[in-house]
Amino acid sequence: MRPTFYLAWCLGLGWWAGLGNASESVPLGSLDLSLMRQGWGRPRIDRAVTGKPLAIGGRRFDHGVGTHARSTLWVRLDGRAERFQAMVGVDDAAGNRRASVRFRLYADDEKLFDSGRMTLGDPPKPVDVDLSGRRSLLLLVTDAGDGIDFDHANWAEARFIMAEGRPVAVKAPEEPRVILTPKPGPAPRINGPTVSGCRPGHPFLYRIPTTGERPMRFSVEGLPPGLQLDAENGILSGVAPPRGDHVLTLRAANRHGEARRRFTIRSGDLLALTPPMGWNHWYAHYNRITDAMVREAADLMVRTGMADAGYQYVNIDDCWMRARPGGNPANRDREGSFRDASGRLLPNRYFPDMKALTDHIHALGLKAGIYTSPGPYTCAGFAGSYQHEEQDAATFAEWGFDFLKYDWCSYGRVATGEGRERLMKPYRLMGDILRRQPRDIVFNLCQYGMGNVWEWGARVGGHSWRTGGDLGFELDNLFEVAKRNARLRQWHGPGHWNDPDYIQIGYVGNARQTGEPRPCPLSPNEQYAFMSLWCLLAAPLFYSGDMTRLDEFTLNILCNPELIEVDQDPLGRCGRLVEGPGETFLLVKELADGSRAIGLFNADEVPATVRADWRALGLGPKQRVRDLWRQQELGVFADGYTARLPRRSGMVLRVWEAR
Ligand code: GLA
């Protein structure tokens with residue numbers, strides 16, 4: 001190259017970067033994008049998340065990064081960057097009107113850019129922010145409030161202008177795994193619900209959740225005939241009493257003291273008077289589940305203290321039955337004919353004796369759950385109950401199951417009828433059959449929220465229904481998922497619960513069913529927020545992680561009896577959503593004793609101030625305030641309570657009127 005030519009070429013490059021000669025333009029795509037977290041697919045360099053060329057509002061871009069909401073990338077700049085520039089928008093190939101996203105940039109806890117809501121077809125928005133002196137930058141794409149479906153997001157022509165050095169992609173800032181809750185004291189404390197529903201004459205089983213030092217001695221006043229108490233383990237069992245309310249006084253005593261609790265057995269038609277609590281194998285073990293693992297989970301529910309906090313159901317999800325031959329090779333050792341000559345459903349080789357399995361669970365005072373689909377196949381390609389509904393329900397009852405998850409999966413292929421009726425039909429059929437069984441079986445509908453299931457789930461016999469798709473795919477969108485559920489609060493109450501899916505903390509798999517469980521990707525504060533949100537929603541509380549790897553931190557989150565009391569409150573109210581400034585919000589839940597549980601949340605990536613104003617919430621001017629995670633009285637507060645909350649975190653207060 002001739003010298004003059006070379007000079008012109010260099011100047012041109014400098015001009016293109018918009019700077020003096022010393023600056024360098026570093027494309028976003030040259031950073032380590034394996035550290036970019038996103039809700040679907042993987043980040044693509046110079047392509048949209050689908051692999052197609054980048055295009056926004058009809059304009060093509062040769063360079064940039066294609067991602068998918070919710071997407072985060074943390075970048076270390078060390079004060080050496082000058083600017084970040086890009087063109088942002090929804091990728092044209094997202095192909096659905098529901099595609100809507102919001103791009104934001106934060107530097108050192110300060111918001112530098114906010115695209116606002118952008119939808120499919122919107123022209124690209126230019127980004128050009130000053131980064132001088134900044135230590136770090138966060139690139140964030142959220143779902144704009146309507147779920148992450150189709151949210152293909154492009155950071156087109158994205159680049160850093162560096163004064164020197166290079167930007168480096170890093171992990172999200174680490175938070176310490178602080179254990180907030182004091183350990184339960186040695187004196188007995190009876191936890192869990194104060195009411196339990198059953199049907200007259202059916203088998204009854206209830207393990208009284210009690211923390212405190214063992215050995216302990218249990219006694220019960222007002223025990224109806226037909227029920228007996230195992231005084232050492234606190235297990236009530238026998239035959240459910242005649243129709244009506246049976247009010248008992250439960251007592252637990254040890255050398256440190258005695259606890260009492262009024263407990264109502266409500267015998268009638270309703271089950272699940274408080275949100276069901278337990279464990280489900282799905283997000284830890286997928287198609288690896290075995291009889292031995294389920295037994296171990298049940299043993300651990302008792303040994304870890306989860307049962308003492310109120311966890312009760314030990315639920316098997318998909319893959320316990322036989323897999324379709326020639327299907328997914330990963331299920332080869334579970335393949336076989338689905339049924340015997342009489343049409344009876346057959347478990348696979350890893351479940352040698354279903355009755356013995358439920359006996360094991362019941363002997364611990366716990367309950368057992370099972371899974372099937374109304375379709376010919378389950379979602380993982382195993383036997384479904386299509387055209388065997390009556391027979392399968394009878395088999396489940398005979399085996400001793402107390403809970404059924406009924407998962408739509410392949411039913412679409414055989415569904416008949418129109419509109420909502422098409423969706424209701426298989427659930428009504430199974431709901432009616434379950435009601436005729438000689439034992440109580442809680443009925444969990446799983447069809448991902450189709451046809452506003454919350455409006456009719458109770459009518460077809462459901463006790464709970466999933467309100468959306470698999471939460472494992474949307475974990476990073478936790479706060480939005482919770483807000484969506486709070487908006488459905490009118491369809492929620494004793495015996496009929498909105499189900500936002502399982503608690504995934506501790507060791508969990510990824511929703512794509514691969515690999516052994518790993519530490520959950522959520523930050524410690526997000527994990528606290530997860531449990532807080534679910535309790536304030538009065539959601540069913542099913543832990544779906546590896547029980548063998550529960551540690552102190554995870555158990556602390558799962559087992560705080562004061563939080564669980566909020567979830568299990570007999571009024572069964574779902575918290576009311578009160579939106580605050582920015583990404584802050586409150587969930588306000590009325591409790592049976594007239595007090596309120598108030599969750600303060602900051603869903604933003606930077607610290608925020610959140611305020612619960614008594615008057616705005618319709619409360620009296622003075623409230624006594626308790627911090628439920630720390631189990632600490634904070635005092636009486638006039639007018640309201642204000643907290644400064646770290647990024648993506650929450651706290652839960654319980655407040656009582658004070659004078
Ligand atoms: C669906 C459900 C999940 C799980 C799997 C099992 O995806 O939504 O909760 O039961 O099927 O295959």
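This is a predicted model: local features need pLDDT of at least 70, side-chain atom pairs count only at pLDDT 80 or more; totals for chains, interfaces and linings use all residues.
**Ser196**

I began with the contacts of Ser196. Leaving aside neighbours within four places in sequence, Ser196 touches Phe204, Phe263, Thr264, Ile265, Arg266 and Leu273; contact here means heavy atoms within 4.5 Å. Ser196 lies in strand E15, residues 195-198. Helices (H or I, at least four residues) and strands (E, at least two) are DSSP runs, numbered from the N terminus. I looked up its accessibility: Ser196 counts as buried because its relative accessibility is 11%. Buried means under 20% relative accessible area, exposed over 50%, and partly exposed in between, with a 1.4 Å probe and protein chains only.

Residues are numbered from 1 along each chain as its sequence is written, and side-chain values use heavy atoms, with hydrogens and water left out.

**Gln312**

Next I went to Gln312. I found Gln312 in the loop between helix H4 (306-309) and strand E24 (313-315). Gln312 is buried, because its relative accessibility is 13%. Beyond four places in sequence, its contacts are Leu205, Tyr206, Met277, Gly278, Met301, Leu366 and Lys367.

**The three-stranded sheet**

I traced an open sheet of 3 strands, ordered E16-E20-E19, with antiparallel pairing. Two strands pair if DSSP finds at least two bridges between them. E16 (203-207) and E19 (227-230) are the edge strands; each has a single partner strand, so one side of each lacks a neighbour in the sheet. Neighbouring strands are turned by 15 degrees against each other on average, direction ignored. Axes are lines fitted to C-alpha atoms, for helices over the stretch in contact, and angles run from 0 to 180 degrees between N-to-C directions. E16 and strand E20 (residues 235-239) run antiparallel and are joined by 5 bridges. Arg207 sits opposite Ile235 in E20.

I then checked pairs. E6 (residues 71-76) and E11 (residues 136-142) pair antiparallel over 6 bridges. Arg76 stands opposite Ser136 in E11. E8 (residues 100-107) and E9 run antiparallel, joined by 7 bridges. Ser100 has Thr119 of E9 as its bridge partner.

**Backbone exceptions**

Most residues other than glycine have a negative phi, and most peptide bonds are trans. I listed some departures.

- The hairpin of E8 and E9 has 2 residues between the strands, and Asp108 takes a positive phi near 45 degrees there.
- Asp109 has a positive phi near 70 degrees and lies in the loop between E8 and E9. Asp109 is partly exposed, because its relative accessibility is 49%.
- Gln387 has a positive phi near 65 degrees. I place Gln387 in the loop between strand E25 (367-372) and H6. At 59% relative accessibility, Gln387 counts as exposed.
- The bond joining Ala69 and Arg70 is cis, with omega about -15 degrees. Arg70 is in the loop between strand E5 (64-68) and E6.
- The bond from Arg214 to Pro215 is also cis, with omega near 0 degrees. Pro215 is in the loop between strand E17 (210-211) and strand E18 (217-221).

**Helices H6 and H7**

I looked at how H6 (residues 389-399) packs on H7 (residues 419-435): the angle is about 40 degrees and the axes are 10 Å apart. That makes H6 oblique to H7. Angles under 35 degrees count as roughly parallel, over 145 as roughly antiparallel, 65 to 115 as roughly perpendicular, and the rest as oblique. The contact uses Glu389, Glu390 and Ala393 of H6, with Leu429, Met430, Ile433 and Leu434 of H7.

**Helix H8**

Last, I checked the cover of H8 (residues 478-486). I found H8 mostly covered, with 8 of its 9 residues buried. Among the buried residues are Leu478, Phe479 and Val481. The cover includes helix H9 (524-536) and strand E40 (649-657).
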